[in-house]
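Me: I'd like to learn how to read salt bridges in a model. Can you walk me through some?

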Amino acid sequence: MGVKTDLQPKYGERRTRLPPGPWNLSRAEKREVCNSFYGMKVPEGYSSNIKNLVSLQDSRLLGLKSHDCHTLMQQLLPVAIRSVLEKPARYAITRLCFFFNAICAKTVDVSKLDKLEEDVVVTLCLLEKYFPPSFFDIMVHLVVHLVREVRLCGPVYFRWMYPFERYMKVLKGHVQNHTRPEGCIAERYIAEEAVEFCTQHLSDVSTVGVPSSQKMGVSKPLSGCTVSVVDQDLLNQAHLYVLENTEEVLPYIEQHMIHIKTAYPKFRKRTKWLQDKHNSTFIQWLRFKVQSELEEDNNGVSENLRWLAAGPNMAVPLYRSYLIKGIKFNIKAQDDVRTTQNSGVYLLAQTMQVASAKDKNPILSNMGFYGVIQEIWDLDYQKFTIPVFRCDWIDSSSLVVDELGFTLVDLSKIGNRNDQFVLASQVKQIFFVDDPMHRGWSVVLSMPNREYNDVIGDEVLGDVIIECEPFTRGMPNVDTFDELVGELGGQNIRDGCEDIWIE
């Protein structure tokens, strides 16, 4: 028939050889994929320890739970196969992984659902070009309808089975008498309900469940406190960053810039010189400025501004771990002795960018920074504390975005030595995975949003507004529902689904 001539049998003198398909992995490629999984360290709570799921002797993945399969399919598998398979087959698999990553996001951009639906159809057609017909059962076909489900029912995480699977583990833990499992579950459940009711009438009693620190977004240290007197230059650098990111101090920053331009009229057009002069003199200028205002009546200086201007204590508590809005951050030294990776951070900040070293007029624009936490400081301002991270920021010259959209970084190249600090509340947690295609480089992967206090609505990410309204055509009326039932086929389906729409 002249179809797929490269897969036709190769007839020899003694035996007939069947060439491998584009989806087949050689023994060396299987070992390479398993080694890539074996070396992955992910953040705490992201998935199981991937290292324990890999058998290097058999070149297999063993003991995966359903959540581990989702994690691999969404983010880790596209990285592990970057150096194996032919490019067309690898790209088809990667497109399918990107689709699941987009469809399982916590916020859904409704305007992109049509494009996403078109892309998944093309992706399945590409898979049909490289995979055998036996691969395409009904489960693969149902992927086409997932976008339609999102359009009708909203984000996936409202409907998937993980909460119920977790609760099944809780119910199984209630069983003490294995001959009467139902009775054990019923009695323990009634006992918990009674205790929960009684705690509402008791003071200073908290019930079990999600910790309040994670519910309310409280920041608190976790472990490894050591108090040390830090270098004065580093302390001033951290203090200056806190001041420049405090809303009450912003009017004083504008006044100080006007003061510098007035005192040095020859340099008023040199933006970089003015910024350097501001960084070196603002702390002392603010202290004297606030002190002079405090001597006046009705000065309007708040208590927080007064202590910020006075500066932090020289003795700084250093922590190995810190909890920020339910997300755990570690320093790099802590991650080196653990099986998890919680030290990677990403910051989107407005910064001055220059065309070259001779450029005297930089421009302000948003820029992303990738770094690794080296120290966690808790700056003490007498009345309150502010946690900051001291990070090694990766040099922007060693940052590359490939054709698939992966961000590659070289962790050995460090830049921004004079601006190492960032507020703990400003960063997003990321993690780095060794790139199997380019040795010495790492692929940047991000943590999914896990905050408990999220509200579904319009969320601004950078300059992009993501609309989270799941019903693009409004709630379905009777005619629309009849059309839907007709498509599904039968009155019996309507009887079973009507309660769902009412809820």
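Me: Is R159 buried, partly exposed or exposed, going by its relative accessibility?

Reply: Keep in mind that this model is predicted. The general idea is that under 20% relative accessible area is buried and over 50% is exposed, with partly exposed in between. R159 comes out at 31%, so it is partly exposed.

Me: Which residue does R159 pair with in a salt bridge?

Reply: Its partner is E149, and their closest N and O atoms are 3.5 Å apart. E149 sits in helix α6 (residues 146-153) while R159 is in the loop between α6 and α7 (162-173), so the bridge ties together parts ten residues apart in sequence. E149 is partly exposed too, at 37% relative accessible area.

Me: How many salt bridges are there by this rule?

Reply: The rule asks for a side-chain nitrogen of Lys or Arg within 4 Å of a carboxyl oxygen of Asp or Glu. That gives 14 salt bridges. One of them joins K87 and E403, again with 3.5 Å between the closest N and O atoms. This pair links distant parts of the chain, 316 residues apart: K87 belongs to helix α3 (residues 87-103), and E403 to the loop between β13 (399-401) and β14 (407-409). K87 is partly exposed at 44%, whereas E403 is exposed at 62%.

Me: Where do R390 and E375 lie?

Reply: R390 is in strand β12 (residues 385-394) and E375 in strand β11 (residues 363-380), so their bridge connects parts 15 residues apart in sequence. The N to O distance there is 3.2 Å, and E375 is partly exposed at 25%.

Me: Which residues are linked in a network of salt bridges?

Reply: E44, K328 and R338 are linked that way.

Definitions and conventions. Residues numbered from 1 in each chain as written. Predicted model: local features only at pLDDT ≥ 70, side-chain atom pairs only at ≥ 80, totals over all residues. Heavy atoms only, no water. Helix = DSSP H or I, 4+ residues; strand = E, 2+ residues; numbered from the N terminus. Buried < 20%, exposed > 50% of the residue type's maximum accessible area, 1.4 Å probe, protein only.
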